[in-house]
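I opened this model to look up its charges, its core and its salt bridges. My notes are below the picture.

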Amino acid sequence: MEQGKKKILSDLYAIRATMSLIAENDDNADPERDEVDDCNYTISNLEDDIEKKKKSTRSELSAFSIDKRMYELNGEYREVEEQYIRVQTKYNEHSSRIKKNFISKFLVSRKDKKELIRCQKEMEQYSNQMARISAEIRTLTRRRNAGNLYIDCSQVTVAEHEMRNFETEANHQIAEMEQEISIHQSAIQVIAEKSQAIIDSATKAYPLIDLRDWENVDLLIYYFETGRADDMKEALQLVDRQRQTDQIVDALEMASAEICKTIHYSMNQLGNALSQSFSMLSSQLSQLSSQLSQQHVEMLSAIEEQTAAQQAASEAQLKEIRAQTAAQVTSQEMNRALLAKISESSSDLAEQMRRQMREVHGILV
């Protein structure tokens with residue numbers, strides 16, 4: 001019984017060490033995630049700058065807009081027309097008075113004659129102005145109907161040129177940032193695939209509990225260490241009972257604190273059993289890597305006969321081989337990771353592990 005309990009404990013510590021390794025992988029991906037965030041922030045700023053520049057340019061070019069100029073000309077025409085009508089009314093009044101006096105054989109007022117001449121000159125000036133405005137409106141109308149938006153002006157050309165140059169440069173920087181994001185996301189993906197390979201191998205190497213129970217490994221270790229459980233079924237029942245009392249978080253914190261105090265002693269006590277459990281994961285990964293490498297060799301011999309779809313499958317398998325090879329771990333690495341993450345709870349380690357698994361499927365969080 002004692003020997004079986006020691007084996008269970010060593011495997012539980014091995015699971016915690018595995019989770020610690022994966023958590024370290026997740027930590028290693030943080031700088032890449034920060035780079036992705038920085039790139040996205042830069043892209044967002046560049047896109048905002050493009051919109052601001054476009055808005056500023058539109059505002060600048062509106063001063064040279066044909067539509068705006070025609071609107072101004074129509075307003076100017078109405079003002080001149082009103083002045084023309086006002087003067088014409090005065091002209092008619094003086095003209096009528098002169099005719100009336102002439103018919104009545106009264107002396108024609110010199111003032112009326114003078115005013116009549118002045119009104120004629122003003123009417124002629126206003127008429128010329130209306131003719132000039134009408135001619136400009138017709139010209140602009142033809143230009144607008146031909147598809148032109150702006151009056152020919154050097155400022156328009158300069159503003160549009162500056163806008164195009166600014167947008168081209170900003171889009172070039174955005175393309176560079178997107179390329180950077182792709183590189184960093186690929187790095188995140190590689191780390192996640194490495195973690196997934198370790199998880200897949202560890203679930204085969206340590207089948208004593210389900211992957212979903214790994215987050216409770218601190219509690220399980222605590223129950224065995226303190227003699228509260230003698231077998232795994234009893235320990236898992238205690239975990240379920242603890243969950244039902246809604247005190248799982250406090251219990252995990254307590255268990256983590258106790259494990260932190262006793263882990264060095266426990267590792268010394270478990271001795272060879274712990275080393276064997278750590279070695280199981282390394283052996284599992286090595287075996288999988290050898291199998292996949294052999295399959296890859298066999299695929300290469302027939303690659304010329306494969307279809308495009310089969311080649312894609314080959315590439316996927318090669319990717320898996322690389323992940324398995326990169327995921328090779330040693331007992332020393334597991335010991336180091338276990339000690340490095342000793343102060344973190346299994347629930348925190350499980351959350352990092354879940355993030356690594358999500359990133360394998362491209363769900364970056």
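**Entry 1: what I am looking at**

I note that this is a predicted model, in which local features need pLDDT of at least 70 and side-chain atom pairs count only at pLDDT 80 or more, while totals for chains, interfaces and linings use all residues. Residues are numbered from 1 along each chain as its sequence is written, and side-chain values use heavy atoms, with hydrogens and water left out.

Buried means under 20% relative accessible area, exposed means over 50%, and partly exposed lies in between (1.4 Å probe, protein chains only). Of the 37 residues in this core, Leu-12, Met-19 and Met-232 touch the most other members. H1, H4, helix H5 (217-225), helix H6 (232-244), helix H10 (331-340) and helix H11 (346-360) each supply at least two residues. H1 gives the most, with eleven residues. Helices here are DSSP runs (H or I, at least four residues), numbered from the N terminus.

**Entry 2: Ser-346**

I found Ser-346 in helix H11. Is Ser-346 buried or exposed? Ser-346 has a relative accessible area of 0%, so it is buried.

**Entry 3: salt bridges**

Side chains of opposite charge can pair when their charged atoms come close. I used the cut-off for a salt bridge: a side-chain nitrogen of Lys or Arg within 4 Å of a carboxyl oxygen of Asp or Glu. How many salt bridges does the structure hold? The structure holds 21.

I looked at Arg-336 and Glu-24, whose side chains meet in a salt bridge (2.8 Å, N to O). This pair links distant parts of the chain, since Arg-336 is in helix H10 and Glu-24 in helix H1, 312 residues apart. Arg-336 counts as partly exposed because its relative accessibility is 42%. Glu-24 counts as buried because its relative accessibility is 15%.

Next I took Asp-26 and Arg-33, which meet in a salt bridge at 2.6 Å, N to O. Asp-26 has a relative accessible area of 0% and is buried, and Arg-33, at 8% relative accessibility, counts as buried too. Both residues belong to a network of salt bridges that links Asp-26, Asp-30, Arg-33, Arg-355 and Glu-359.

The last pair I noted is Glu-122 with Arg-118, where the closest N and O atoms are 2.4 Å apart. Glu-122 and Arg-118 are four residues apart in helix H3 (residues 110-145), so about one helical turn separates them. At 19% relative accessibility Glu-122 counts as buried, whereas Arg-118, at 30%, counts as partly exposed.

**Entry 4: a negative patch**

Which residues form the negative surface patch? I listed Asp-34, Glu-35, Asp-37, Asp-38, Glu-169, Glu-176 and Glu-180. Such a patch is made of residues with over 30% relative accessible area and no salt bridge, with like charges joined within 9 Å. Asp and Glu count as negative. Helix H1 (2-61) and helix H4 (154-205) each supply at least two of the patch residues, and the largest share, four residues, comes from H1. I checked Asp-38, which is found in helix H1. Asp-38 counts as partly exposed because its relative accessibility is 45%.

How values were computed. Patches are made of residues with over 30% relative accessible area and no salt bridge: like charges are joined within 9 Å, nonpolar side chains (Val, Leu, Ile, Met, Phe, Trp, Tyr) within 5 Å. Accessible areas come from the Shrake-Rupley method with a 1.4 Å probe; for residues, only the protein chains shown count as cover. The place of a charge is taken as NZ of Lys, CZ of Arg, CG of Asp or CD of Glu. A nonpolar core is a set of buried Ala, Val, Leu, Ile, Met, Phe, Trp, Tyr and Cys residues joined through side-chain atoms within 4.5 Å.
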